[in-house]
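This briefing is meant to be read with the model open beside it. Look for each named residue as it comes up, and take the topics one at a time.

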Amino acid sequence: MAFQPLKFYQTGTFTVGNRLLEEDKRSVQATTQRNNSLNSGHRACQGCGEALGARYAMDAAMAASQGQLIAANATGCLEVFSTPYPETSWQVPWIHSLFGNTAAVATGIAAAMRVKGRSDVRVVAQGGDGGTTDIGFGCLSGLFERNDDVLYICYDNEAYMNTGVQRSSATPPAARTATTMPLGPEPGNVFGQGKNLPRIAMAHGIPYVATATVADLRDLEYKVTRAIGIRGAKYIHIFVPCPLGWGAASEDTIKLARLAKECGLFPVFEAEQGEVVGVSKIRKPIPVEEYLRPQRRYAHLFGRPPALETIARIQAIADRNIKKFGLLEAGVHP
Ligand SMILES: Cc1ncc(C[n+]2csc(CCOP(=O)(O)OP(=O)(O)O)c2C)c(N)n1
Ligand code: SF4
């Protein structure tokens, strides 16, 4: 009888758990000491990328701060699904701010800790893309400009999901939302410039800016851990698919996050003092169509006839990112 060698797929792969590795090489999630910061029992939709991203980010932040963490949270899905009064899923000191002032509330907490001489306490502010790129933008820019000792995390699901999928300034071109319907000669969201918050954060020259996705949770944990160890203002922008708002299957959340990175539409990188210091290279280049097609928010692009010109314009955005950030290994072609 022929033997097949036994393969441990969890070891040395990009899978989440890595429970077969030595204790010191495991992800925070795979250790028994993980905090379960965003605990089970919350009311996020099945497959919610934001819930997953927040759990991993906050557990990594708790581990990196030896449990000395305070979080401020903007209004949005993350706050609403985790804290329906009088319940809460948070196992960290956590305060709900208004929709637009999370950054200012976090600044206040950091100032209070400084006055009390508690330099061991680290502060995280978190919110959705609407709370970050639109309504909370002024407070966040102030936090950056003052270099306040806060890590701000934006969970980017590319629209105002909590109130019924309205467009934000992070909504991508051609995407259907409740306020950018697939009607008229240019269906879906406009081809504007949008707001690229990671690059705007870099323009403030703050110590640390990074992007990440829920498809590479080790990378996400590493970036949060790094940010918690840095004094001053830090910004992490996490790409979190939303099955409900995007019209995607709940089991496709990780896959869509991976495809967004692999096609070049969501560059994953790190920057220090306004300069890019590292990028996650594309492992297997794919056309944007592969990422767009499984999402009903782009269904109008794949009708009869398909909107080839619009798809080509989205591909051009990905190609520009690939060039700008050097996302391809030398010798690899899209
Ligand atoms: C001043 C103010 N305006 C509007 C609202 C209503 N509101 C609450 S959450 C939300 C959308 C949140 O969107 P986003 O920040 O993208 O987070 P998501 O729900 O997508 O995670 C809106 C419009 C509010 N709470 N306060
Ligand atoms: S609407 Fe989207 S972001 Fe909100 S809980 Fe559902 S999947 Fe998560």
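In this predicted model, Ser97 touches Asn73, Ala74, Thr75, Thr102 and Val105, when residues up to four places away in sequence are not counted. Ser97 lies in the loop between β2 (94-96) and α3, and with a relative accessible area of 6% it is buried.

**Ser97 in more detail**

- The side chain of Ser97 makes a polar contact with the side chain of Thr102, at 3.2 Å, and Thr102 is also one of the residues that Ser97 touches.
- The C-alpha atom of Ser97 is separated by 31 Å from that of Met181, a residue 84 places away along the chain.

**Two other buried residues**

- Ser65 is found in the loop between α1 (49-64) and β1 (69-73), and because its relative accessible area is 4%, under the 20% that marks a buried residue, it counts as buried.
- Once neighbours within four places in sequence are left aside, Ser65 is in contact with Arg122 and Ile228.
- Gln29 belongs to the segment before α1, and at 5% relative accessibility this residue, too, counts as buried.
- Between the C-alpha atoms of Gln29 and Gly41, which are 12 residues apart along the chain, the separation is 18 Å.

**Helix α11**

- Helix α11 runs over residues 308-325, and its 18 residues reach 26 Å from the first C-alpha to the last, which is close to the 26 Å expected at 1.5 Å a residue.
- Its buried residues are Ile311, Ile314, Ala318, Asn321, Ile322 and Phe325; seen down the axis of α11, they fall within an arc of 100°, so they line one face of the helix.
- On the face of α11 turned away from the buried side are the exposed residues Leu308, Glu309, Arg320 and Lys323.
- The elements that cover the buried residues of α11 include α6 (197-203), β7 (269-272), β8 (275-279) and α10 (288-292).
- Just after α11 comes Gly326, which takes a positive phi of about 60°.

**Helix α5**

- In helix α5, made up of residues 137-146, the residues Leu140, Gly142, Leu143 and Phe144 are buried.
- The cover over these buried residues includes α3 (102-115), α4 (129-135), β4 (151-156), α6 and β6 (234-239).

**Around ligand 1**

- Ligand 1 is surrounded by 16 residues, of which the closest are Cys77, Gly130, Gly131, Met161 and Asn162.
- A backbone N or O atom of Gly130 lies 2.8 Å from an oxygen atom of ligand 1.
- A polar backbone atom of Met161 is 2.9 Å from an oxygen atom of ligand 1, and for a polar backbone atom of Asn162 the distance to an oxygen atom of this ligand is 3.0 Å.

**Around ligand 2**

- The residues around ligand 2 are Ala44, Cys45, Cys48, Cys77, Phe81, Asn157, Cys242, Pro243 and Leu244.
- This shell divides into 8 nonpolar residues, 1 polar residue and no charged ones.
- Two helices, α2 (77-82) and α8 (243-246), each supply at least two residues of the shell around ligand 2.

Terms used:
Residues are numbered from 1 along each chain as its sequence is written. Chains are lettered from A and ligands numbered from 1 in the order in which they are written. This is a predicted model: local features need pLDDT of at least 70, side-chain atom pairs count only at pLDDT 80 or more; totals for chains, interfaces and linings use all residues. Side-chain values use heavy atoms; hydrogens and water are left out. A residue is near a molecule or strand if one of its heavy atoms lies within 4 Å of it. Helices (H or I, at least four residues) and strands (E, at least two) are DSSP runs, numbered from the N terminus. Ala, Val, Leu, Ile, Met, Phe, Trp, Tyr, Cys and Pro count as nonpolar, Asp, Glu, Lys and Arg as charged, and the others, Gly among them, as polar. The expected span of a helix is 1.5 Å times one less than its number of residues. Buried means under 20% relative accessible area, exposed over 50%, partly exposed in between (1.4 Å probe, protein chains only). The arc is that of the directions from the helix axis to the C-beta atoms. Contact means heavy atoms within 4.5 Å. A polar contact is a pair of N or O atoms within 3.5 Å; within protein, one must be able to donate a hydrogen and the other to accept it, and residues adjacent in sequence count only if both atoms are side-chain atoms.
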